[in-house]
Amino acid sequence: MLYLASRSPRRRELLTRLGLGFSVLELDVPEQREVDETALAYVSRVARDKALAGLARVAGEPDALVLGCDTEVVLDETVFGKPQDEADAVAMLRRLSGVGHTVISALSLVSASRQEAAVSVSSVRFGRLPDAVIHAYVASGEPFGKAGGYAIQGLAEAFVERLDGSYSGVMGLPLHQSAQLLAKFGLGPLAAGLTTCATEAP
């Protein structure tokens, strides 16, 4: 049985696109960056922590497979989490205005006997955002609950001048990397290709 260890409705929507049945585990996992921990290491660790916490929740199921994920917006090694309030959201968007930033989406897929991980790193550049635009966007309520204070699949898509990487990864669940991980466990749309390659190997 596949489980998604996430509260995010966006991740649920994205995982559904892979054509797999799954259940959702809503967990409260601490997201606190450690001293001297790089942004990449932090995001990867949180994804693993979520997956392992989910696996502990369903420990009585021997065939349980749990997918944990974390997505963060990073600018100059500063991790932009979810804004705490309107002022925080405005401050984030002002810093992102007119500059490029990185979006890291890390994945961890675990079972009782195995762990696999993957990461998607995307580069996003916003155009210059006037203060009036930033305030109107924050007033829409969309930034809240979103890493970096924006949702690329929503109104903020109009802010994106350039994207190099995974659109679904910026949303919160990179589908290509997710499909690759699941294929290693014999699941998902890439699993058949993996089986075929193994069969054809000399």
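Author: Before the pockets: a pocket here is an open set of grid points where a 1.4 Å probe fits, with protein on both sides within 12 Å along at least five of seven lines, and its lining residues have an atom within 4 Å of a point. Also, this is a predicted model.

Reader: Fine. What is the volume of the largest pocket?

Author: About 450 Å³.

Reader: How many residues line the largest pocket, and which lie nearest its centre?

Author: The lining has 28 residues. Nearest the centre are Ser8, Arg10, Arg11, Lys50 and Lys82.

Reader: Next one. What volume does the second largest pocket have?

Author: It holds about 190 Å³ of space.

Reader: And which residues line the second largest pocket?

Author: Glu31, Arg33, Tyr42, Thr71, Glu72, Val79, Gly81, Lys82, Gln84 and Ala147. Four of the lining residues are charged, three are polar and three are nonpolar. Lys82 is on this list, and Lys82 is also among the residues nearest the centre of the largest pocket.

Reader: Changing topic. Which residues make the nonpolar surface patch?

Author: Leu40, Val119 and Val121 make a patch of about 230 Å².

Reader: Where does valine 119 lie?

Author: Valine 119 is in strand E6, residues 115-126.

Reader: Is valine 119 buried, exposed or partly exposed, and why?

Author: Valine 119 counts as partly exposed because its relative accessibility is 34%, and that class runs between the 20% and 50% limits.

Reader: Now backbone angles. What is the phi of aspartate 76?

Author: Phi is near 55° there, a positive value in a residue other than glycine. Most residues other than glycine have a negative phi.

Reader: Where is aspartate 76 found?

Author: Aspartate 76 sits in the loop between E3 and strand E4 (78-80). Its relative accessible area is 67%, so aspartate 76 is exposed.

Reader: What about the phi of glutamate 77?

Author: Glutamate 77 has a positive phi too, about 70°, and is not a glycine. Its place is in the loop between E3 and E4.

Reader: Why is glutamate 77 not classed as exposed?

Author: Because exposed means over 50%, and glutamate 77 has a relative accessible area of 43%, which makes it partly exposed.

Note on methods. Residues are numbered from 1 along each chain as its sequence is written. This is a predicted model: local features need pLDDT of at least 70, side-chain atom pairs count only at pLDDT 80 or more; totals for chains, interfaces and linings use all residues. Side-chain values use heavy atoms; hydrogens and water are left out. On a 1 Å grid over the protein atoms alone, a cavity is a set of points where a 1.4 Å probe fits but cannot get out, and a pocket is an open set with protein on both sides within 12 Å along at least five of seven lines; lining residues have an atom within 4 Å of a point. Grid points are joined across faces, edges and corners, and a volume is the space filled by probe spheres set on the points. Ala, Val, Leu, Ile, Met, Phe, Trp, Tyr, Cys and Pro count as nonpolar, Asp, Glu, Lys and Arg as charged, and the others, Gly among them, as polar. Patches are made of residues with over 30% relative accessible area and no salt bridge: like charges are joined within 9 Å, nonpolar side chains (Val, Leu, Ile, Met, Phe, Trp, Tyr) within 5 Å. Accessible areas come from the Shrake-Rupley method with a 1.4 Å probe; for residues, only the protein chains shown count as cover. A salt bridge is a side-chain nitrogen of Lys or Arg within 4 Å of a carboxyl oxygen of Asp or Glu. Helices (H or I, at least four residues) and strands (E, at least two) are DSSP runs, numbered from the N terminus. Buried means under 20% relative accessible area, exposed over 50%, partly exposed in between (1.4 Å probe, protein chains only).
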